[in-house]
Amino acid sequence: MCGIVGFLGKKEAAPILVEGLSKLEYRGYDSAGVAIINNNEIEIKKCKGRLKNLENKLEKEPVKGSIGIGHTRWATHGEPSDVNSHPHSNGKGTISVVHNGIIENYLKLREWLISKGYEFLSETDTEVIPNLVDYYYKGDLVDAVIKATGKMEGSYAIGVISTNEPDKLVAVRKDSPLIVGVGEGEYFIASDIPAVLNHTRNIYLLEDKEFVVMTKDGVELLTEDKEVVKKEIYHVTWNADAAEKGGCEDFTIKEIHEQPKALKDTMTSRIVLGEEIKLDKITLTKEQLEEVDRVYIVACGTAYHAGVVGKYVIEKLAKIPVEVDIASEFRYRDPLINEKSLLIVVSQSGETADTLAVLRDSKKKGARVLAMTNVVGSSVSREADDVLYTWAGPEIAVASTKAYITQLVAMYTFALHIATLKNTLKKEELEAIKAEMIELPGKVERILENKEEIQKFASKHYMEKDMFFLGRGLDYAVAMEASLKLKELTYIHSDAYAGGELKHGPIALIEKGTVVITSLTQRKLRDKMISNVKEVVTRGAKVMAIAYEGDTEVEKTMDSVIYIPETLDILAPVLAIIPLQLLAYYTAVQKGCDVDKPRNLAKSVTVE
Ligand code: F6R
């Protein structure tokens with residue numbers, strides 16, 4: 001959470017920093033600020049609220065200078081306020097810092113610094129950093145940052161400037177993302193690539209504890225012992241436009257509509273009829289797979305919901321037992337991971353703190369780790385043994401849509417791959433699934449064209465207090481994701497239940513007019529699910545169903561039905577979620593919610 005940027009060059013820093021922050025606002029938007037060195041003084045402008053507030057402030061009170069740092073915040077320590085906004089400085093105002101992460105031992109450090117005469121203004125953990133750097137500063141900023149970070153526990157990506165060395169910017173990361181952009185005589189740091197793409201496509205992807213030293217002569221990367229690190233430049237080939245709204249109202253609807261392309265891109269060259277599935281970055285062999293006695297899929301939020309689908313699919317196709325868990329739970333429950341375990345971590349950003357921690361713990365215990373991620377060069381992609389990229393393109397809206405369905409496709413692809421290695425699937429079955437997968441982008445396109453019914457439903461029900469989602473089998477997995485989309489975009493309370501669980505408690509919540517949404521894509525379970533729906537209808541619920549085209553009989557039981565094209569049951573989540581994403585979206589729009597940046601959320605959860 002939080003986004004940081006830094007610039008050193010010949011141009012004015014302020015507009016470049018603000019433009020970079022605008023690409024990182026998805027990481028947090030409680031407050032924003034910049035610190036720029038001007039005439040050997042650090043000038044700071046920062047304020048509570050969206051980046052727009054900072055832009056207005058800078059318009060009235062412009063800051064000159066061509067070296068600076070910037071921050072957009074997702075509050076952890078201390079409420080969103082002007083004083084808690086970054087950048088933070090030492091008391092003398094000679095050192096300023098922007099920080100993404102959490103300094104876990106900040107209270108101890110703060111007390112220690114207070115005992116040395118330092119004073120603090122904010123409630124943040126970050127404020128210890130400039131003061132620590134000040135304490136260790138003995139004429140060399142890099143030395144001081146190395147010593148200060150040596151005392152810091154937790155996670156951080158920081159950018160540091162100082163009037164003591166006004167032509168230098170120092171940065172470092174540990175467990176929080178940070179990249180370096182290398183332009184022509186100008187250099188950048190940022191939490192994510194889109195923040196620098198308008199200026200350069202040449203990037204250094206940093207490892208933990210690599211110290212960045214920028215001056216007008218160039219960028220040097222150093223280890224903690226000040227040894228020079230030689231690193232290849234990563235050349236970004238994707239387009240900056242991918243991270244722009246491109247004429248759409250907002251990123252959310254743009255990304256919902258990009259789903260057919262995202263699906264195609266994720267399948268291209270991997271799923272080809274009559275050919276073996278090709279997964280370049282997966283080296284797991286048949287022999288290694290034979291040793292695997294259990295697969296664990298671990299992730300957070302929407303990525304976890306893709307994992308729930310993955311469990312059903314891998315067990316069904318490849319006949320290996322699969323456990324699926326939430327990363328923040330898994331990491332603290334002493335899971336029985338060992339050399340026979342295959343861990344799949346799923347993460348759009350590839351930087352989610354809990355997911356990354358699970359990856360690292362599991363590797364220590366000898367497990368082989370496969371990362372499914374959307375971000376090339378992200379931490380999980382670099383640390384896993386095997387990688388399966390989802391090619392959704394940059395996902396900017398906080399609510400995940402296109403990343404989710406590409407994660408589903410990654411799950412299918414991997415399940416088919418290991419089913420082939422294990423010989424658990426007949427060739428005709430394999431080819432039939434692949435043929436149906438290839439049809440999915442076109443079918444998603446058709447669903448997106450028919451949004452009127454959903455819009456009508458949204459305009460009728462946008463003031464509801466609660467909505468419930470029901471499903472059985474893979475429809476239950478879809479219900480979980482649909483419920484998350486609805487609550488995060490619309491703030492309507494919502495829960496997902498397995499159809500068969502209703503009578504074990506949740507049915508007590510149903511009263512006259514309660515809105516219930518279900519999907520009926522699992523043919524074996526359809527009639528049972530309809531019986532569950534009848535149970536809630538009898539108690540006054542208003543039910544909307546997602547059903548296959550042609551299944552008009554369901555209209556007898558439901559108040560409204562949204563039809564989707566037929567597909568194989570195992571692939572149905574890819575289609576069934578689309579109308580439910582649209583439902584959450586249009587309900588949020590009706591309510592006037594900020595769809596791209598829902599309250600209290602941030603896209604990348606890089607703190608525990
Ligand atoms: C919900 C959403 C989150 C993320 C979760 C994991 O719409 O986007 O629940 O899925 O924070 O993020 P990644 O996939 O980046 O690890």
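The legends below describe close-up views of a predicted model. Residues are numbered from 1 along each chain as its sequence is written, and side-chain values use heavy atoms, with hydrogens and water left out. As the model is predicted, local features need pLDDT of at least 70 and side-chain atom pairs count only at pLDDT 80 or more, while totals for chains, interfaces and linings use all residues.

**View 1**
The ligand sits in the second largest pocket. On a 1 Å grid over the protein atoms alone, a pocket is an open set of points with protein on both sides within 12 Å along at least five of seven lines. A molecule sits in a pocket if more than half of its atoms lie within 2 Å of the pocket's grid points. Around the ligand are 14 residues, of which Ser347, Gln348, Ser349, Thr352 and Glu488 come nearest. The shell divides into 5 nonpolar, 7 polar and 2 charged residues. Here Ala, Val, Leu, Ile, Met, Phe, Trp, Tyr, Cys and Pro count as nonpolar, Asp, Glu, Lys and Arg as charged, and the others, Gly among them, as polar. Helix H9 (301-318) and helix H16 (474-490) each supply at least two residues of the shell. Helices (H or I, at least four residues) and strands (E, at least two) are DSSP runs, numbered from the N terminus.

A polar side-chain atom of Glu488 lies 2.5 Å from a ligand oxygen. For Ser347, an N or O atom of the side chain is 2.6 Å from an oxygen atom of the ligand. Ser400 uses a polar backbone atom, 2.8 Å from a ligand oxygen. Taken alone the ligand exposes 400 Å², and the protein buries 90% of that. These areas come from the Shrake-Rupley method with a 1.4 Å probe.

**View 1. The sheet of 6 strands.**
This open sheet has the order S5-S6-S7-S8-S12-S13, with antiparallel pairing. Its edge strands are S5 (88-89) and S13, each pairing on one side only. Two strands pair if DSSP finds at least two bridges between them. Strand S6 (residues 95-103) and strand S7 (residues 154-162) are joined by 9 bridges. Ile103 has Gly154 in S7 as its bridge partner. Between S12 (residues 211-215) and S13 (residues 218-222) there are 5 bridges. A hairpin of 2 residues joins these strands, S12 to S13. Thr215 has Gly218 in S13 as its bridge partner.

**View 2. The sheet of 8 strands.**
The order in this open sheet is S3-S2-S4-S1-S10-S9-S11-S14, and the pairing is antiparallel. S3 (41-48) and S14 (234-235) are the edge strands. Strand S2 (residues 31-38) pairs with strand S4 (residues 67-73) over 6 bridges. Ile36 has Gly68 in S4 as its bridge partner.

Most residues other than glycine have a negative phi, and most peptide bonds are trans. The bond from His86 to Pro87 is cis, with omega near 0 degrees. Pro87 is placed in the loop between S4 and S5. Lys209 has a positive phi of about 60 degrees. Its loop runs between strand S11 (202-205) and S12. Asp334 has a positive phi too, near 45 degrees. Asp334 lies between helix H10 (327-330) and strand S17 (341-347), in the loop.

Definitions and conventions: A residue is near a molecule or strand if one of its heavy atoms lies within 4 Å of it. A polar contact is a pair of N or O atoms within 3.5 Å; within protein, one must be able to donate a hydrogen and the other to accept it, and residues adjacent in sequence count only if both atoms are side-chain atoms. On a 1 Å grid over the protein atoms alone, a cavity is a set of points where a 1.4 Å probe fits but cannot get out, and a pocket is an open set with protein on both sides within 12 Å along at least five of seven lines; lining residues have an atom within 4 Å of a point.
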